[in-house]
Amino acid sequence: MKLNCDMGEAFGAWKMGEDTHIMPFVDQANVACGFHASDPLTMSKTVALAKQHGVTLGAHPAYPDLVGFGRRNMDVAPAELKALIQYQIGALQGICQAHEVKLSYVKPHGALYNQMMADFTILETVMQAVSELDSSLTLMVMAIPEAEQVKQLAQKYALNVWFEAFADRLYTDEGRLTPRKLPNAVHASFELIEQQVVQLCETGTLTTASGKSLAIHADTICVHGDGAHAVDAVKRIRKLVNATQQNNTTTS
């Protein structure tokens, strides 16, 4: 099980996240590409930091929504959406090339991510965009009960996919994230976060808002780098995942 984190989400003089302190504890860095956050210098610094710690780099494209941090739904025509995604990935690929590192995957951000997992026509447009630009890139998507449908769609575009679960988000019975505007959408305590991580690693299940056990397959867990206790949370999650994997290896 890998850990991924959204990184490079500062913008000019505005600081966001604890990238310097969190990067050593994650495996994959989802780097903002300028549409919901970040700027060229922040992107370059983030790529350099990931390279320093041997962290796999991914592009984190979004709708063009700096004010709303990419969390507001947008109605974008397929041709425009493909261009928006390719523009952002291409920018980060250029910076990676300058730092002599490889861009390995793409994980859409915020509203784009949630909309593509709710509407597979949008997901297909995202897949087309990535495949046309560079089919060697892996697409990171939400681990949902309809995983087989996602895999079949990815095969159509010769794309590999990684399925992602979230350490600190409450899930609906349908296997989607509870909207942030609703109460308890984000787990507020270390205890709830740790319980969810252990459950994911040991049983491949999540407990939904109604108490239902939901079976999902996840390749990677998203941890968030913002918030007052983000660094402590990531350190604890890293320790938990390592311990769980060691136990699984010993028992097998």
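Guide: In this predicted model, strand β1 and strand β9, the latter covering residues 220-223, are paired in the parallel sense through four bridges. Within that pairing, L3 is set opposite I221 of β9. Strand β1 also pairs with strand β2, residues 28-32. Here too the strands run parallel, and four bridges join β1 to β2. One of the positions involved is N4, whose bridge partner in β2 is Q28. Strand β1 itself spans residues 2-7 and is mostly covered, with five of its six residues buried.

Now to the cysteines. The number of disulfides in the structure is zero. A disulfide is a covalent bond that links the sulfur atoms of two cysteines, and the cut-off applied here is a pair of cysteine sulfur atoms within 2.5 Å. Take C96: the closest cysteine sulfur belongs to C33 and lies 9.0 Å from the sulfur of C96, so the two are too far apart for a bond. C201 is likewise in no disulfide. For C201, the nearest cysteine sulfur is that of C222, 14 Å away.

As for accessibility, a residue counts as buried when its relative accessible area is under 20%. C96 has a relative accessibility of 1% and therefore counts as buried. C201 is buried because its relative accessible area is 16%. To sum up, strand β1 has a parallel pairing with β9 and a parallel pairing with β2, while C96 and C201 are buried cysteines in a structure with zero disulfides.

Technical notes: Residues numbered from 1 in each chain as written. Predicted model: local features only at pLDDT ≥ 70, side-chain atom pairs only at ≥ 80, totals over all residues. Heavy atoms only, no water. Buried < 20%, exposed > 50% of the residue type's maximum accessible area, 1.4 Å probe, protein only. Helix = DSSP H or I, 4+ residues; strand = E, 2+ residues; numbered from the N terminus. Pairing = 2+ DSSP bridges.
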